[in-house]
Amino acid sequence: MADKPLLEVKDLVIHYETDDGVVKALNGVNIQIGVGETLGLVGETGAGKTTLAKGIMGLIPHPPGKILSGEVQFEGQDLLALGKEGMMKIRGRDISMIFQDPMTSLNPVLTVGEQILEVIEIHNPGLSKQESRKWAENMLERVGIPAERFGEYPHQFSGGMKQRVVIAIALACNPKLLIADEPTTALDVTIQAQVLEMIY
Ligand SMILES: Nc1ncnc2c1ncn2[C@@H]1O[C@H](COP(=O)(O)OP(=O)(O)OP(=O)(O)O)[C@@H](O)[C@H]1O
Ligand SMILES: [Mg+2]
């Protein structure tokens, strides 16, 4: 028998109930991703790609979003049954997501270093301040940003650099699954290639 997939989405149905009516965004989606596998999702605007990503991450806004049925199994556990607290432990540690727009992913009032530190500290409470700091600086370097820029704010970085910071945050805890929702759409072509290289 084959190993259980890392992620298995079964028959997922998600609707948005708005004043103008019901938007049937997902009508029974099935996907499987194994360890080490990459799955690309293609679809026209409004097809439901972001809705699927958010559904997996437990980030569907409710209201207007509503998960009507289906399962999201991650390493054999049903994420839809986990609840807020349980999902917070999974997000950032086991599953990370990179959103399309780095502007909305970063907090404008925290330095980029603090934002990387935050996810490291939440998921590794046993580390000393110094160790966490070193780790965060290391993540910056890994995405091609000098560690000296740890204390700078998002507005001091270009769009491509901001997306690198977002990637550093997403990869900081070595997630088993990385969900990237059009991570390079907001960037110019040369930067797109560099960013993709960092992810794969
Ligand atoms: N918060 C929301 N409230 C109401 N409808 C929504 C909401 N979010 C998404 N939708 C609708 O759900 C459908 C799927 O949207 P979704 O954003 O998942 O598509 P997408 O494939 O990511 O599109 P794009 O390529 O433009 O990012 C669309 O019809 C969209 O208008
Ligand atoms: Mg989308």
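A polar contact here is a pair of N or O atoms within 3.5 Å. This is a predicted model, with pLDDT of at least 70 needed for local features and 80 or more for side-chain atom pairs, while totals for chains, interfaces and linings use all residues, and side-chain values use heavy atoms, leaving out hydrogens and water. Residue numbers run from 1 along each chain as its sequence is written, and chains are lettered from A and ligands numbered from 1 in the order written.

**View 1. Ligand 1 makes polar contacts with Thr 45, Gly 48 and Glu 182**. A polar side-chain atom of Thr 45 sits 2.5 Å from a ligand oxygen. Gly 48 uses a backbone N or O atom instead, 2.9 Å from an oxygen of ligand 1. For Glu 182, a side-chain N or O atom is 3.4 Å from a ligand oxygen. On its own, ligand 1 has 630 Å² of accessible area (Shrake-Rupley, 1.4 Å probe), and the protein covers 66% of that.

**View 2. A shell of 14 residues surrounds ligand 1**. Shell residues have a heavy atom within 4 Å of the ligand; the closest are Thr 45, Gly 46, Lys 49, Thr 50 and Thr 51. Helices are DSSP runs of at least four residues (H or I), strands of at least two (E). By class, the shell has 6 polar, 5 nonpolar and 3 charged residues, with Gly counted as polar.

**View 3. The largest pocket holds about 1,000 Å³ of space**. A pocket is an open set of points on a 1 Å grid where a 1.4 Å probe fits, with protein on both sides within 12 Å along at least five of seven lines; lining residues have an atom within 4 Å of a point. Of the 35 lining residues, Thr 38, Leu 39, Leu 178, Ile 179 and Ala 180 come closest to the centre. Two or more lining residues come from each of β2 (21–33), α1 (49–57), β6 (177–180) and α7 (189–199). The lining has 21 nonpolar, 8 polar and 6 charged residues.

Key. Points joined across faces, edges and corners; volume = space filled by probe spheres on them. Polar contact = N/O pair within 3.5 Å; in protein donor to acceptor, adjacent residues only side chain to side chain.
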